[in-house]
Amino acid sequence: MNEETGTLIRDGVPSILNPFDELAVEAAIQLKEKHGGEVTIVTMGPPQAKDALLKALAMGGDKAVHLTDRAFAGADTWATALTLAEYIKTMEFDLVICGKQAIDGDTAQVGPELAELLSVPQICYVRKIDISEDGKQVITHRETDEGYEVVRAKLPVLLTATKGLNEPRLPNIMGIMKAKQKPFEEVNIEKLGTDPDRLGLKGSPTQVRKVFPPEKKKGGIKIDAENPAAAAKQLVEFLTKKGAI
Amino acid sequence: MGLLYDRDTCTGCMLCPKACNFDAIEKDGDKVKFDLDKCVLCGSCEEVCPVDAIKIERKKIDSAEIAKYKDVWTFCETSDGRLRSVALELVTKGRELADTLGEKLTAVLIGNNIENHAQTLIHHGADRVLVVDAKIFADYTTDAYTIAMTSLIASRKPSVVLYGATNNGRDLAPRIAARLGLGLTADCTGLEIDEARQLIQTRPAFGGNIMAEIISPYTRPQMATVRPNVFKPGEPDSSRPGEIEKVNIEVSPVQVRTRVLEKVSEAVEGMKSVEEADVIVCSGRGIKDPANLELPKQLAKLLDAAIGGSRPIVDLGWLPPSQQVGQSGRTVCPKLYIALGISGQIQHLAGMSSSDFVVAINKDPDAPIFSVADFGIVGDIFTVLPEVIAEVKRVLDSR
Ligand SMILES: Cc1cc2nc3c(=O)[nH]c(=O)nc-3n(C[C@H](O)[C@H](O)[C@H](O)COP(=O)(O)OP(=O)(O)OC[C@H]3O[C@@H](n4cnc5c(N)ncnc54)[C@H](O)[C@@H]3O)c2cc1C
Ligand SMILES: Nc1ncnc2c1ncn2[C@@H]1O[C@H](COP(=O)(O)O)[C@@H](O)[C@H]1O
């Protein structure tokens, strides 16, 4: 954030694979390694999102799909989910794995919205994924506010990945080289074939009315603890006065 | 594309590049140009333009349709029969919004054997409580709860529906939003009604670096998840009248496609949840050794506080993941937050900087945590903390 103008500094900030999506990619690759199948990486985003797709391919994804068009811009979570659903609907899949939340908006909404639009059940915030022996069900540990619950569902299912699911691998040189040879599809609005009025800003039921920097909290009192007992006394007095104790 | 720029009308006043929070407008000769890959169509430029040279194309609002929706609703979550504290916070805030609108506040209570909470919700401000009580709702499942909520919403048409931004609330609300084609704003920290009677939903974005005001102009109800602990619940008024209505909603087991096989609590004996605690004692890497957590635990016990940890402490397995505070952990908003040996990186601050009161003890005078601390002590936790514990003990004993 530029403190003077209050604007976000985006220049020189590389487009990265969101950390929770790294967990999702890693989980998909591990499932493939164990059970077979194919991993497709799908993202909707501006041209620079290609870097994130290449990284996921370098980790071990089989093919990538980049949904990119000016008509998708300004999408809220609903329009994002719709765009993704319109493409994913055309594929056959057992599992769709999203991150728990993105690090820019961190809404955690796109996963469940996408699940609904694909008409599949969802299990959000999973820390562990197992496939049943017959290959028809998924058994997960889903994080709750109290701890976790063991949740089972028939495939196909949409999962969202949270911390603790795995340790995403770092792509190695071989992986990075191979990534450039892997199938990479770019999909624009014509190819997607969806009515532009349903996508992007026009298709978004929410609208950002204003953005502003948060109220900057100023540091308050700061004391040195040369005499720890005196410092402790001062702190406790202060807290008592404020009614915090 | 939604942004229209009329270069001929533009006077080159250069107000719009300044208003843009996304660095998407640049000087171009004596006019401006737009970088549409950076633009999120937020409309800040449209608002400041004195000659209306910028226009964001938006959908039309169907006022007749919108007028059919009335009243504020809160989804009041229970967990194993217990009412979550966020439910009371929602009812308190919901009451305020309903009063501004001059409409009624309805609390929705779904679960099994939970009717006993209905009175509590009325005492905190609900005019009516819809109770959906059946075995199928005993465990939270996305499918059963979505069916219940969508059928209530579709038949009764509220204009605002609020959910707690808990794990279940953030699982449920987007599912409902997608089924009904509604806007939904996540994790709000501010809610207000504007002159046009719409809900202004304020939320942090980009890890707390920016705040956004969001509206849902075209669809009803307007829905939001609300961050726990932000709106403090008011005092209950046991004389408040209210109506309790039991609603029967049929959900057959085949409609519920996920099955909860087991619930595991990770609550460590005597360890309160960081999201619900009024006081949090949070330790960072400065604590050095898991054995040293004894000290923060002693303080937490005295203050009836939850024990929290920064990410490294949790990654090392010294505290369970449920206690991690920060961007990839829990977002907290207690009355008092005590940070011990935490540097205060942005990802940590994102999860705690809206706490009412922050105390930090750190031996590095330049640690960023001091920039959000109301009271900072520059010193070694191992010499200062024992003194703080002794002093708190003394004060509490003298009461
Ligand atoms: C995507 C992403 C998500 C993240 N999410 C989170 C998150 O959810 N939560 C989180 O906390 N972090 C998160 N992080 C990590 C974050 O960036 C920091 O690395 C982390 O918060 C640092 O933890 P710390 O303050 O405990 O450790 P450090 O940064 O190592 O700080 C230790 C502090 O202790 C002080 N100290 C040491 N010894 C003493 C002593 N004896 N007495 C007093 N002070 C002492 C030092 O001066 C120092 O300031 C995330 C990072 C990324 C990239
Ligand atoms: N534009 C997008 N393209 C692909 N996946 C997305 C996109 N936006 C969100 N997601 C997925 O949905 C998750 C939640 O995102 P969000 O709701 O924005 O917090 C992310 O971790 C991604 O897995």
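**View 1. The contact between chain B and chain A.** In this predicted model, the contact draws 108 residues from chain B and 86 residues from chain A. The size of an interface is often given as the accessible area lost when the parts come together. Here the area buried between chain B and chain A is about 8700 Å², and carbon and sulfur atoms contribute 53% of that area.

**View 2. Polar and charged pairs across the interface.** Between chain B and chain A there are 36 residue pairs in polar contact, counted where both residues have a pLDDT of 80 or more. On the side of chain B that touches chain A, 48 residues are nonpolar, 28 are polar and 32 are charged. The interface also holds 12 salt bridges, one of which links A:D145 to B:R330, with their closest N and O atoms 3.5 Å apart.

**View 3. Helix α4 of chain A and its surroundings.** This helix spans residues 110–117 and is mostly covered, with 6 of its 8 residues buried, namely A:G111, A:P112, A:E113, A:L114, A:A115 and A:E116. The buried residues of α4(A) pack against α3, β3, β4 and β7 of chain A, together with α7 of chain B. After α4(A) comes A:S119, which has a positive phi near 55°.

Technical notes. Residues are numbered from 1 along each chain as its sequence is written. Chains are lettered from A and ligands numbered from 1 in the order in which they are written. This is a predicted model: local features need pLDDT of at least 70, side-chain atom pairs count only at pLDDT 80 or more; totals for chains, interfaces and linings use all residues. Side-chain values use heavy atoms; hydrogens and water are left out. Contact means heavy atoms within 4.5 Å. Buried area is the accessible area (1.4 Å probe) that two parts lose on being put together, summed over both. A salt bridge is a side-chain nitrogen of Lys or Arg within 4 Å of a carboxyl oxygen of Asp or Glu. A polar contact is a pair of N or O atoms within 3.5 Å; within protein, one must be able to donate a hydrogen and the other to accept it, and residues adjacent in sequence count only if both atoms are side-chain atoms. Ala, Val, Leu, Ile, Met, Phe, Trp, Tyr, Cys and Pro count as nonpolar, Asp, Glu, Lys and Arg as charged, and the others, Gly among them, as polar. Buried means under 20% relative accessible area, exposed over 50%, partly exposed in between (1.4 Å probe, protein chains only). Helices (H or I, at least four residues) and strands (E, at least two) are DSSP runs, numbered from the N terminus.
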